[in-house]
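Have a look at the model first, then read on.

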Amino acid sequence: MAAFFNKGFGRKRESTASDRIPPGQYETPDFPVLSAGPTPRIALANWTFKMEGLIEEPVQWTWEQFNALPQQSFTTDIHCVTKWSKLDTKWEGVSFDTLLEHVKLLPEVSHIMAYSYGGYTTNVPLEGLRNSKGFIGLRYDGKPLTPEHGGPARLVVPHLYFWKSAKWVNRLRFMEEDEPGFWERGGYSMYGDPWKEQRYRSDDSDYQASLNDD
Ligand SMILES: Nc1nc2c(c(=O)[nH]1)N[C@H]1C(S)=C(S)[C@@H](COP(=O)(O)O)O[C@H]1N2
Ligand SMILES: [Mo]
């Protein structure tokens with residue numbers, strides 16, 4: 001039966017796409033804009049990107065310097081906690097692995113906090129960014145990233161809910177313990193894996209464990 005239904009009528013394509021939609025999500029062709037505040041406008045001449053915290057030497061780039069770093073293309077699916085998913089989004093930017101070549105991490109680093117122009121913050125585990133899992137997006141669909149989608153530069157961590165992909169990012173701080181960012185302080189998951197439906201803090205497995213401890 002399966003072989004029959006997989007033949008023709010575009011069924012194979014459809015079932016392949018739906019396998020890529022996490023539980024509770026629906027696919028949209030749109031690219032909705034979700035911002036907790038106004039869109040900051042950053043002149044490229046003033047833009048900087050900094051890495052600090054538990055690394056041997058902090059490092060900072062200007063827009064020109066940052067754009068001279070090796071860049072890669074990424075085609076990836078994104079999943080917003082408000083339940084839309086968008087397949088095959090096309091980005092160009094600098095991978096987190098490339099950024100790590102410019103610093104020496106202290107051994108205790110476990111998480112990073114991303115900071116944005118405008119004050120947004122979000123926490124991500126180090127291992128959630130390494131090995132091509134996270135990048136700083138500079139271009140979307142072949143064009144410079146628009147301000148409403150986080151331009152000039154945003155963090156992109158597509159395997160986690162999209163609130164972890166901080167728009168207008170300008171700083172990463174390396175930490176030895178997990179700390180909540182903006183939405184996480186408001187009750188959202190510390191991790192945010194869409195495949196595990198970790199939407200709220202109460203969906204986190206260590207949160208469940210901490211309830212059992214008491
Ligand atoms: N700086 C900043 N980054 C942010 C947000 C925000 O409000 N401010 N919203 C987050 C949320 S909840 C989502 S779903 C995505 C939305 O990105 P988009 O507007 O490009 O779709 O950005 C994330 N990054
Ligand atoms: Mo979101």
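1. Ligand 1 has 19 residues around it (a heavy atom within 4 Å), and Pro 32, Ala 36, His 149, Arg 154 and Lys 167 come nearest. Bear in mind that this is a predicted model, where local features need pLDDT of at least 70, side-chain atom pairs count only at pLDDT 80 or more, and totals for chains, interfaces and linings use all residues. Residues are numbered from 1 along each chain as its sequence is written, chains are lettered from A and ligands numbered from 1 in the order written, and side-chain values use heavy atoms, leaving out hydrogens and water.

2. On polar contacts (N or O pairs within 3.5 Å), a backbone N or O atom of Pro 32 sits 2.6 Å from an oxygen atom of ligand 1. The side chain of Lys 167 places an N or O atom 2.6 Å from an oxygen atom of ligand 1. For Ser 165, a backbone N or O atom is 3.0 Å from a nitrogen atom of the ligand. The protein buries 96% of the 530 Å² that ligand 1 exposes when taken alone (Shrake-Rupley, 1.4 Å probe).

3. By class, the shell around ligand 1 has 12 nonpolar, 4 polar and 3 charged residues (Ala, Val, Leu, Ile, Met, Phe, Trp, Tyr, Cys and Pro count as nonpolar; Asp, Glu, Lys and Arg as charged; the others, Gly among them, as polar).

Notes. A polar contact is a pair of N or O atoms within 3.5 Å; within protein, one must be able to donate a hydrogen and the other to accept it, and residues adjacent in sequence count only if both atoms are side-chain atoms.
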